[in-house]
Amino acid sequence: MHDSEIFKFKDMMMMSCTVQTLVLVPWFLVVFVLAGGEDSSETTAMFPAMFVFGDSLVDNGNNNHLNSLARSNYLPYGIDFAGNQPTGRFSNGKTIVDFIGELLGLPEIPAFMDTVDGGVDILQGVNYASAAGGILEETGRHLGERFSMGRQVENFEKTLMEISRSMRKESVKEYMAKSLVVVSLGNNDYINNYLKPRLFLSSSIYDPTSFADLLLSNFTTHLLELYGKGFRKFVIAGVGPLGCIPDQLAARAALPGECVETVNEMAEIFNNRLVSLVDRLNSDNKTASEAIFVYGNTYGAAVDILTNPFNYGFEVTDRGCCGVGRNRGEITCLPLAVPCAFRDRHVFWDAFHPTQAFNLIIALRAFNGSKSDCYPINLSQLSRL
């Protein structure tokens, strides 16, 4: 697919979604975008760079370099990515931030671990996301090495040193202030911490409300560290409806057609506090005068898709396209496993992660959706500030 095609598509979506949320996405348009890779190098980007902090939902290869069980550097992961090869992304194809980058006119940004030896362009952004990583340092420890939120912020400091060597101080300040920061963390703090009482003590120490408070306290500290380094444009994704993922449906023996509501309620407690944090930061005398924080309502968008799957071209919402056991969620996608044939009809790729078809819809809603998708403004509006 050529630049002109994806940006023609983007313009169409902008015209159709200026007022309304992307509720009905014409399926032939979704297939049209998924048909091939996009080269944004000749297009003026809406942000000078994009820096991503997150977990396996947006990891683009960092865990390939770590001694971790949480890796996806084998087929059939990447079966629908360019070249039909695994890259370390936990999907059959592209992640949400891959699509967001394309919509913003940015090229594919490198994983941090691919930049440590130099020789890689870092000026248009870097991805620090790490599978099994969470807000809390101990989250995901049973899976081996991973980068927590705090460690990802430390890794960014190394990138900033490199950027500072190539720009004047005044230019770095302007570059940082105009760049986009995407943060997608918190999911693992539940599924690879709080919801595993045999491995972690957190659920015996904290009730769901207290645990959400603990997460938000740590999250705020690290977020303000990024602000202190010069970033001024933030998009913060909420935790998804974890009670609807195949892993939880299988583990908690959910009835057919139902999600695990107790788990979803935990996610909502956290997300409500995240919205309050965004409001507070946007009204604080210090941060509000020079920064904007946006909440990405991934929970609401995902529930909408799961509730109205046929509106988006999906047919299967309760099991992975690749995996073993009940809901294909008891064991996640194994090396050289044979996935389902019609992947774009599935919401979930494996026990934990969505397909690229789902990721595209979330990216579109973040880019130009209503306040119910991105609050208080969407990415298109943020780029004009």
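**Close-up views of the chain, its cores and its cavity**

**View 1. Contacts and surface across the whole protein chain of this predicted model.** Among the contacts in the protein chain between residues at least 6 apart in sequence, 73% join residues that are at least 24 apart. The protein chain carries 13 helices and 8 strands, and buried residues account for 57% of its 385 residues. Its accessible surface amounts to about 16100 Å², and 54% of this surface belongs to carbon and sulfur atoms.

**View 2. The largest nonpolar core, with Phe51 and Tyr190.** In soluble globular proteins, nonpolar side chains tend to be buried together. In this model, the largest such core has 96 residues, and Phe51 and Tyr190 are those with the most contacts inside it. Helix α12, which spans residues 356-368, supplies the largest share of this core, namely 9 residues.

**View 3. Another core, which lies apart from the largest one.** This core has 6 residues, and among them are Tyr77, Cys322, Cys340 and Trp349.

**View 4. The largest cavity and the residues that line it.** Rolling a probe the size of a water molecule over the atoms shows where empty space is left. A search of the whole structure finds 1 cavity of 30 Å³ or more, and the volume of the largest cavity is about 40 Å³. Its lining is formed by Ser56, Leu57, Phe90, Ser91, Thr95, His353, Pro354 and Asn359. Sorted by class, the lining of the largest cavity comprises 3 nonpolar and 5 polar residues, while charged residues are absent from it.

Note on methods:
Residues are numbered from 1 along each chain as its sequence is written. This is a predicted model: local features need pLDDT of at least 70, side-chain atom pairs count only at pLDDT 80 or more; totals for chains, interfaces and linings use all residues. Side-chain values use heavy atoms; hydrogens and water are left out. A nonpolar core is a set of buried Ala, Val, Leu, Ile, Met, Phe, Trp, Tyr and Cys residues joined through side-chain atoms within 4.5 Å. Buried means under 20% relative accessible area, exposed over 50%, partly exposed in between (1.4 Å probe, protein chains only). Helices (H or I, at least four residues) and strands (E, at least two) are DSSP runs, numbered from the N terminus. On a 1 Å grid over the protein atoms alone, a cavity is a set of points where a 1.4 Å probe fits but cannot get out, and a pocket is an open set with protein on both sides within 12 Å along at least five of seven lines; lining residues have an atom within 4 Å of a point. Grid points are joined across faces, edges and corners, and a volume is the space filled by probe spheres set on the points. Ala, Val, Leu, Ile, Met, Phe, Trp, Tyr, Cys and Pro count as nonpolar, Asp, Glu, Lys and Arg as charged, and the others, Gly among them, as polar. Contact means heavy atoms within 4.5 Å. Accessible areas come from the Shrake-Rupley method with a 1.4 Å probe; for residues, only the protein chains shown count as cover.
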